[in-house]
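Visitor: I am new to reading protein structures. Could you walk me through a few features, step by step?

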There are 4 protein chains.
Amino acid sequence: MNYKTRTDLALEVRESFPEDDVEIKGVILTEDFDKKNKVRISTVEIMDEAGARAMERPIGTYITIEAPELNNSTEDYHKSVSNYIERNIKKLSGKLSKDEVLVVGLGNREVTPDSLGPQVVDNLFVTRHLIREFGKEFKEQNHLGNVSALSPGVMAQTGMETVEIIKGVIKETNPKLIIVIDALASRSVSRLNTTVQIADTGISPGSGVGNNRKALNEESLGVKVIAIGVPTVVDAATIVADTLTKYMETTGFNEEETYKFISEVNNSQINNMFVTPKNIDEMVKRISYTLSEALNSCFSG
Amino acid sequence: MNYKTRTDLALEVRESFPEDDVEIKGVILTEDFDKKNKVRISTVEIMDEAGARAMERPIGTYITIEAPELNNSTEDYHKSVSNYIERNIKKLSGKLSKDEVLVVGLGNREVTPDSLGPQVVDNLFVTRHLIREFGKEFKEQNHLGNVSALSPGVMAQTGMETVEIIKGVIKETNPKLIIVIDALASRSVSRLNTTVQIADTGISPGSGVGNNRKALNEESLGVKVIAIGVPTVVDAATIVADTLTKYMETTGFNEEETYKFISEVNNSQINNMFVTPKNIDEMVKRISYTLSEALNSCFSG
Amino acid sequence: MNYKTRTDLALEVRESFPEDDVEIKGVILTEDFDKKNKVRISTVEIMDEAGARAMERPIGTYITIEAPELNNSTEDYHKSVSNYIERNIKKLSGKLSKDEVLVVGLGNREVTPDSLGPQVVDNLFVTRHLIREFGKEFKEQNHLGNVSALSPGVMAQTGMETVEIIKGVIKETNPKLIIVIDALASRSVSRLNTTVQIADTGISPGSGVGNNRKALNEESLGVKVIAIGVPTVVDAATIVADTLTKYMETTGFNEEETYKFISEVNNSQINNMFVTPKNIDEMVKRISYTLSEALNSCFSG
Amino acid sequence: MNYKTRTDLALEVRESFPEDDVEIKGVILTEDFDKKNKVRISTVEIMDEAGARAMERPIGTYITIEAPELNNSTEDYHKSVSNYIERNIKKLSGKLSKDEVLVVGLGNREVTPDSLGPQVVDNLFVTRHLIREFGKEFKEQNHLGNVSALSPGVMAQTGMETVEIIKGVIKETNPKLIIVIDALASRSVSRLNTTVQIADTGISPGSGVGNNRKALNEESLGVKVIAIGVPTVVDAATIVADTLTKYMETTGFNEEETYKFISEVNNSQINNMFVTPKNIDEMVKRISYTLSEALNSCFSG
């Protein structure tokens, strides 16, 4: 069945293929598992145009860290996960993480599940202005990175595409690496706030809670872009359609009528709605802290 | 079919009865319609125990104001709706609205759709302390009400039942009327942020986005309680089950299997999830302003 | 006496000259007074380089609206003041206010007296994205302005000069007029939150609560800049030095020792401190609302 | 000279006595110094009525922890200070810290230097509701304390005295220990956000940024009260008068005229003003985190 599903996780796109479809041309999936912490790290590599077409995603590397305990975690567990995040950001950014970095916190600060990006930026150790004032020696003595940061807000607040704002800021401040933080949509409730995706492809249009944003990537910005995302919502139409599909697999169904019905769901009012947990405030606070720890540690010299 | 649905609107409970079930014993439904503003005002009166059982709601009066344009409203439209709200609060509270009033903003300030109550309280004109300092003459000269207010937070933040906090505060400050503001769950996406329910029954347990709160009503608090609620979310399990039911009505279904399936939905992870619009921040900001205007005007002498 | 005082109001600089100094070369002061509302409107025009040197301010027009009742105001009073603000913005911006406008809310959202700019932006009716989506007809039918807005945060949060961010954004989005909103420092406690300065000169470095910002003006940005400011703080060193001066005028003093003493005050720890009223949250909320009303009305077609 | 100064630190009252006044009857001052961390711990014990009169403070123990590096601290330094705070809370509360504790975050969340109490409460690990739901075994297995918490807001927001709200809540929930967190006023700029006072006397009227609160202490509440405060502001009138006094000590002065002048300062508009640093947002965020760490660790079993 082919209704329009909505996920921002490459891993979930990969999982959506039938199980016997062991290989997709142009796509490589590898996995690591940390038994002690129950942390699974999956890497989806989209190698070529064939893979990109199949996955409906740009060519590049998508690393997914799944840490199911993250919502009930001790401080130690949170440090382990933070380390995994740091290591994988470094893996994709290489030496650039020690160069001039601009971190962009996407999303709407006023909508709790969409406030992940701004909350991460709030806890960053921003240093660019200090280095410009006190010089390189100061940077080295204090083992500082060179970090600037911005939470531009969403189009309904600014009237501008995020890409317009960021492109302009890049031209004036010349960072060598952009790190974009955003809240994502997952298909699975169990992945919410327990999963981190790190990709070297930038962010595709329509991701996150908001929509219609133009892409933020190396092509549009002229600088390497690492995108870090955490699913904090499930698309309401997706959760309804997924449940319906499961129902029909259980009970048998008339394929044509069902297809029509799901199309209607996708065109109904729930199309601009999202599903999120009741304690989303605590969850976003906690994981945004884990992300900012990872970034602060990643940048520091 | 009889799965556990979730709505905080008495009107929706009434609507859930089959259409040919014109009369429910012990329940009276009356309607008014303002053609110019397209505002519908429905009053559900639960008269006796039979009505209470049928409606699964306490005996009392539930007024629902539906203002479908509220999300795209001009200032004039918002004033009309504000007037309707004011008039119906007065209808249920009588002269008590000019006496000492305590307004309680329920909900979690950090979760956007649940922040309605605290946001209303933020815009209230609180006067009790002024009257205690400057006396009754000051009150009369300035046409002030006698208003105190509290946003106690939710149990996950305080470790206390809201009823414990409010009961204690009432004992010390002796208000003659309690007005409780809360975000509600509706069954219908189109009612979100466009509908206001005013009831003289207090608030029943498990209402709103949070859950497990004990009732705030005249029985528990010893003072008359008017509850004002606005649906800002739909329960995720409800939206899934409702869609599924519609599907089955369209396509025909095996009743037993379906019942079992829906039970599973109700016991799944989506049970602690809610559905809300992407621009919930703007919507809650606007309607909380409409409510606080209505209250400020209602209390002033 | 010539200690370094700190005010962002051109009117206060003008007032600081000895009273018998009726005329300052290159500076014209005119006044209007609305008896009913007790609103005084003073215009300081700095005509040439001589005036600029004397005033230590760039050449241009500085309009100051003083509305001493603003902190205890009725809704009507607030509307009158809002009208005065709107009219004077139009006076300085001409037809540009109906063209593409970018409003910049300077200041730190997390520090109450410095949150004026972001709070004004939060209440703006932003439309640029709507017009790009629905076209010019939509704009005209709905009498919309073409408004974009940004609250970039302060250098300690972003690591970037505000001028870098805004310059970049302007290059990408091409607004025809920039309106900059900022919290200012006044010398006089009685002017806090009751005074609005509107200037066509942009904002000079070191204004507001923060410091070390580079100028935002037509020269640096290439677009006309109207700056709107409200004093929300008094510089702590200034309030101390001003009181001391008054003391010495009363009691007589040894000029040399006093000069030395005040220099020390200016170099002491209080140099990074500001003075602000205890109810600054209510005051900023109210006046930012007045400003955004004025702007929304000013832009709409 | 005897102008009305404003400090909430017992240590500063003690310091205000002339230096040769080695002993004050009924007041004992002891000091400890941690050389490595440069942390000074001073204990002022007011033993009897004579001491209470001299100090204008209730009988009891006031512990002051001065950690001058706290604003530029590493994580390790912050942990040391957190340990000192924890140890001294335990010293004053004894076994009660393991019993049912209610933490009250005083102050106005919307005014940055006054938001210390609410920010500490936001980071507390609140458990009372969990223990009521899952029982004592759950508490012991997980080494939990029994913690409830409330940020009631200030009188301008609620119309109620804080003591009314807290007294009522105590009657309903029966905690065995109250811990009150508040922002204080210091006389010295260098103590802001680097000093913690812990007292077993409760909080005296008029403390903090707000004013006119009635006392929260064992007498008014019927339960032991530990007050934890951090100076985040200096009273504006005090900073002016203190500077003036220093000036007069340097230059010589006419005592009578000066006294009159300072009285005028104290009756002027600056009387409702406070002085606070420009980066107060970062400072309060950091020290409130240090306090909540200390409390979380103090309560856990």
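**Strands and helices, one at a time**

Guide: Happy to! In chain C, Val44(C) has Tyr62(C) in strand β3(C) as its bridge partner. Keep in mind that this is a predicted model.

Visitor: How many bridges join β2(C) to β3(C), and in which sense do the strands run?

Guide: Seven bridges link β2(C) with β3(C), residues 60–66, and the two run antiparallel.

Visitor: What pairs with β2(C) over eight bridges?

Guide: That is strand β1(C), residues 27–34, which pairs with β2(C) in the antiparallel sense. One bridge to look for is that of Asp34(C), whose partner in β2(C) is Val39(C). Four residues lie between the strands of this hairpin, and there Lys38(C) takes a positive phi near 55°.

Visitor: Is β2(C) mostly covered or mostly open?

Guide: Mostly covered: of the eight residues in β2(C), which spans 39–46, six are buried.

Visitor: Now to helices. How do I describe two that pack together?

Guide: Two packed helices are described by the angle between their axes and the distance between those axes. The crossing of α3(B) past α11(B) is right-handed.

Visitor: Which residues meet there?

Guide: From α3(B), they include Val81(B), Ile85(B) and Ile89(B); from α11(B), among them are Leu291(B), Ala294(B) and Leu295(B). By class, the contact of α3(B) with α11(B) has eight nonpolar, four polar and three charged residues.

Notes:
Residues are numbered from 1 along each chain as its sequence is written. Chains are lettered from A and ligands numbered from 1 in the order in which they are written. This is a predicted model: local features need pLDDT of at least 70, side-chain atom pairs count only at pLDDT 80 or more; totals for chains, interfaces and linings use all residues. Side-chain values use heavy atoms; hydrogens and water are left out. Buried means under 20% relative accessible area, exposed over 50%, partly exposed in between (1.4 Å probe, protein chains only). Two strands pair if DSSP finds at least two bridges between them. A crossing is left-handed if the near helix is turned anticlockwise from the far one by less than a right angle, and right-handed if clockwise. Contact means heavy atoms within 4.5 Å. Ala, Val, Leu, Ile, Met, Phe, Trp, Tyr, Cys and Pro count as nonpolar, Asp, Glu, Lys and Arg as charged, and the others, Gly among them, as polar.
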